[in-house]
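Subject: Predicted model for your review, with notes on pockets and salt bridges

Dear colleague,

I am passing on the structure below and would be glad if you could read it alongside these notes.

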Amino acid sequence: MPTPAPTASFRTITPGTLKGPEWHQFMLGAVAPRPIAFVSTIDREGNVNLSPFSFFNVFSSNPATLIFSPANRVRDNTQKHTLYNVRDEVPECVINICDYPLVEQMSLASTEYERSVNEFKKAGLTELKSDMVRPPRVAECPVSFECVVEQVIAIGNEHGGGNLVVCRVVQSHFREDILLPGNAGVDPHKFDAVARLGGDWYSRVIPESLFEVPKPNRNKGIGIDQLPEHIRLSDVLTGNNLGRLGNIEQQALPSPEAVAAFREDPLVAYTLNKYRDNPTELRQQLMLLGKNILEEGRLEEAWKVLLLAAE
């Protein structure tokens, strides 16, 4: 069954009942992977700062808006130089996006150097003049967003309290070799993106880890509740399997004639013949066959096999 077993054990934690660093690790370990904003800023005197933040995401494409949060340090409640720069000095930044070849240099830039230290130099990275804002962008990064800081929202004054930096993108830069043809965007097979987890852990987007899930908003799927009972309550199919089956439109379900004709498929015919004297085993084998076909991405054929299992 796709739902958790009734005997599953859960640990319930109320925020505030653990020490700050302990609760911090629970949250960051669970809300993962998180994209990373590699943020360059500048103060009034022109001193440059560069630091990564994994409290980060895109929140609007029109207007183009990114938000990151340089949270107060959990250890001593001090605030980060990036926050001082965008809030009190120059309300501009560049949000650079790193790929795997830069992850160690990006991590090095997170060191708590003195405010006058330029992390570009410490991390061995190259300052590249921005087009529309004063902070430089990171030349080695495959993507950079030049931003004007619209608002800084403090959401907590204690250890670990967040500071939402709302950034409006005014210019962007994408390295050509990571792009799809035309204006189709970024090729996930060529952009070796990295993300943050808890502790010292990161994750990497590599071709072996990529998979596609058809978006339900392209059609109106029938839903898991409308699956035939022998499919919905199957001990063979997973929750992912049921979700894919439920994402089919009613009019796309195979007709009884199409299901009957699929008996001639060589593998189906072999299964029907081999287990014809054992109905229970036949149904089980057809369910397994349907599951395998479904996981190969052949939704219509999987439906035909699974419907045959009900006969």
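Residues are numbered from 1 along each chain as its sequence is written, and side-chain values use heavy atoms, with hydrogens and water left out.

The largest pocket holds about 1400 Å³ of space. Its lining is made up of 50 residues, of which His24, Leu28, Phe55, Ala71 and Lys80 are the closest to the centre. Two or more lining residues come from each of α1 (20-30), β2 (48-53), β3 (56-61), α2 (81-89) and α3 (103-108), and α1 gives the most, with seven residues. By residue class, the lining of the largest pocket divides into 23 nonpolar, 20 polar and seven charged, where Ala, Val, Leu, Ile, Met, Phe, Trp, Tyr, Cys and Pro count as nonpolar, Asp, Glu, Lys and Arg as charged, and the others, Gly among them, as polar.

The second largest pocket has a volume of about 580 Å³, and of the 24 residues lining this pocket, Pro35, Val58, Ile97, Phe145 and Phe191 are the closest to its centre. Here β3, β4 (64-68), β8 (143-154) and β9 (163-174) each give two or more residues to the lining, with the largest share, five residues, coming from β3. The lining of the second largest pocket divides into 20 nonpolar, four polar and no charged residues.

For the terms: a pocket is an open set of points on a 1 Å grid over the protein atoms alone, where a 1.4 Å probe fits and protein lies on both sides within 12 Å along at least five of seven lines, and lining residues have an atom within 4 Å of a point. A volume is the space filled by probe spheres set on the points, which are joined across faces, edges and corners. Helices (H or I, at least four residues) and strands (E, at least two) are DSSP runs numbered from the N terminus.

Annotated domain

An unreviewed UniProt entry places the feature "domain: Flavin reductase like" at residues 29-186. The end C-alpha atoms of that span lie 27 Å apart, and the span is 13% helix and 36% strand.

Salt bridges

Across the whole structure there are 15 salt bridges, each being a side-chain nitrogen of Lys or Arg within 4 Å of a carboxyl oxygen of Asp or Glu. One of them joins Glu112 and Arg75 (3.0 Å, N to O); Glu112 lies in the loop between α3 and α4 (119-122) and Arg75 in the loop between β4 and α2, so the pair ties together parts that are 37 residues apart in sequence. Glu112 is partly exposed at 48% relative accessible area, whereas Arg75 is exposed at 55%, with buried meaning under 20%, exposed over 50% and partly exposed in between (1.4 Å probe, protein chains only). Both residues belong to a network of salt bridges that links Arg73, Arg75, Asp76 and Glu112.

Another salt bridge is formed by the side chains of Asp99 and Arg175 (3.6 Å, N to O). This pair links distant parts of the chain, 76 residues apart, with Asp99 in the loop between β5 (92-97) and α3 and Arg175 in the loop between β9 and β10 (194-196). Asp99 is buried at 6% relative accessibility, while Arg175 is partly exposed at 33%.

With best regards

Methods: Predicted model: local features only at pLDDT ≥ 70, side-chain atom pairs only at ≥ 80, totals over all residues. UniProt positions renumbered as here; feature names shortened; annotations may be inferred.
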